[in-house]
Amino acid sequence: MKRFFVTVAACCFAVSAQAQEKAKVDPAKVDAEIAKAFAAAPADWKPRLDQDETMKQCSLYRNAPPKNVAEEIQKRERALIKYPADGKLTGDWASGEKIAQSGYGLRFTDYPARQANGGNCYACHQLSKAEVSYGTIGPSLLNYGKNRNFSEADTKAVYDKIYDAQAAFPCSNMPRLGLHGVLTIDQIKDLVALVMSPDSPVNK
Amino acid sequence: MIAAACCAVLTLLGAPLRAQDDAEKAVEKYRQMLKEDPWSNPGLLDSDRGEALWTTAAGPNKATLEKCDLGKGPGVVDGAFSELPRYFADADRVMDLETRLMWCMEKLQGFNHADLVKRPYPAGGQPVKDLGAIATYVAVKSNGLKFAAKLDKPQEQAAVAMGEAIFYRRQGPHDFGCTTCHNDSGRRIRLQGLPFLSEPKEAKEVVGQWPAYRVSTTQVMTMQHRLYDCYWQMRMPELEMGSDVSVALISYLTKNASGGEIATPGLKR
């Protein structure tokens, strides 16, 4: 697994120079086009058109930022992670499984909200063995906790990745689910349990 | 014991692949059947409807679309789709097929722009709207040809470059961009395979299948509708039909698909 990430990182840096070269349209012009195309959006949706600094950098470098930018993103995102007040990072894996299955939330057909937002983890990751309908945009997480001896350090790392994936992998495809408030801290704890609990079907 | 364990692992790994294979095989079988009998493609009903609409007087001006210039001269439908998007001097902008049709419906038939862009796509299970049916008809009239849009005028080059920048733009509460799902080979969402659209080889295979008939929603979905649905999934607001963003993305995709065969309506899950 470690080797996989090293390889991925090496590839990222190799293409970054090329990516820099390719970004030939002024981002301000792109923003203006986006504003025009979504002009009819309600006022409270308009912030979705804007990019934070990390989105801007990942767009500019096409998700392959040079080393200094990657470090900058990582540092910035790490500082944004919030933890549960009681310090407990794992919740209920059974609830986590439901959150992982659900893709509900924040689409323009999801208002007024009829249920809690989902994490839609299975869209991109393999998790529990029983669920065969999983995507492959992200790595398989089958036996993730077991393979790491359910360690405390890895449990925290999983919490961090779900809260803000870019703190671990700058310009990761994964949404920053906690940072953007897609999931609540309690929901994230349930997902941590799904990935890291010895009782979870992910580790059985 | 070890052999049994190995078997279990293989079975385990095989299950999702098989599930995907089964679904994909069923659609592939359907595609094969349609190839053997092209007239059984349900999307052709909409193409036929579009053909009739082309010559039917409509709108406040009670005019047909027979004088609509899709780029090869007024009324020329054959092969027109294969050379779109292109820059149109009369409108002073680059237009894809649907945007150009909308322009003709406004200029020739007198339809109101605001009305045309309001709810332009059908709900699931409903047939494609009139503009989409006409787009399907025009696209079908380029079947068998290859994408040959030149996209070499400054305005066209700017649209392609803008489309490329938008493709990589990340935004919204999920940080998504087109690139999230379409910038790698062999990936899938759940069991749905995802084309690597910035790679010409894969773009050539799929772009020419739109407008496509979707089995899951039993309707024809146009390219503008496809992009609108992508932005829905990206948790963005409703993308305006015919906006410069959608025209730019279609220009970029068509550029990548240059030389790819047009075979509409394609069949999609």
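How many residues of domain 1 of chain A are in contact with domain 2 of chain A? Let's start there, friends. Nine residues of domain 1 touch five residues of domain 2, where contact is defined as C-beta atoms, placed from the backbone, lying within 7 Å. The domain assignment, automatic or from a database, puts domain 1 at 2-78 and domain 2 at 93-203 of chain A.

Before going on, a word on the source: this is a predicted model, in which local features need pLDDT of at least 70, side-chain atom pairs count only at pLDDT 80 or more, and totals for chains, interfaces and linings use all residues. Residues are numbered from 1 along each chain as its sequence is written, while chains are lettered from A and ligands numbered from 1 in the order in which they are written.

Now, back to the domain 1 side. H4 of chain A gives the most, with five residues. By class, that side has four nonpolar, three polar and two charged residues.

On to the two chains. Here 37 residues of chain B meet 36 residues of chain A. The chain B side divides into 19 nonpolar, eight polar and ten charged residues.

And how far do we trust it? The model scores ipTM 0.89 and pTM 0.90. Where pLDDT is low, the predicted coordinates should not be read in detail. Thanks, everyone!

Definitions and conventions:
Two residues are in contact if their C-beta atoms, placed from the backbone, lie within 7 Å. Helices (H or I, at least four residues) and strands (E, at least two) are DSSP runs, numbered from the N terminus. Ala, Val, Leu, Ile, Met, Phe, Trp, Tyr, Cys and Pro count as nonpolar, Asp, Glu, Lys and Arg as charged, and the others, Gly among them, as polar.
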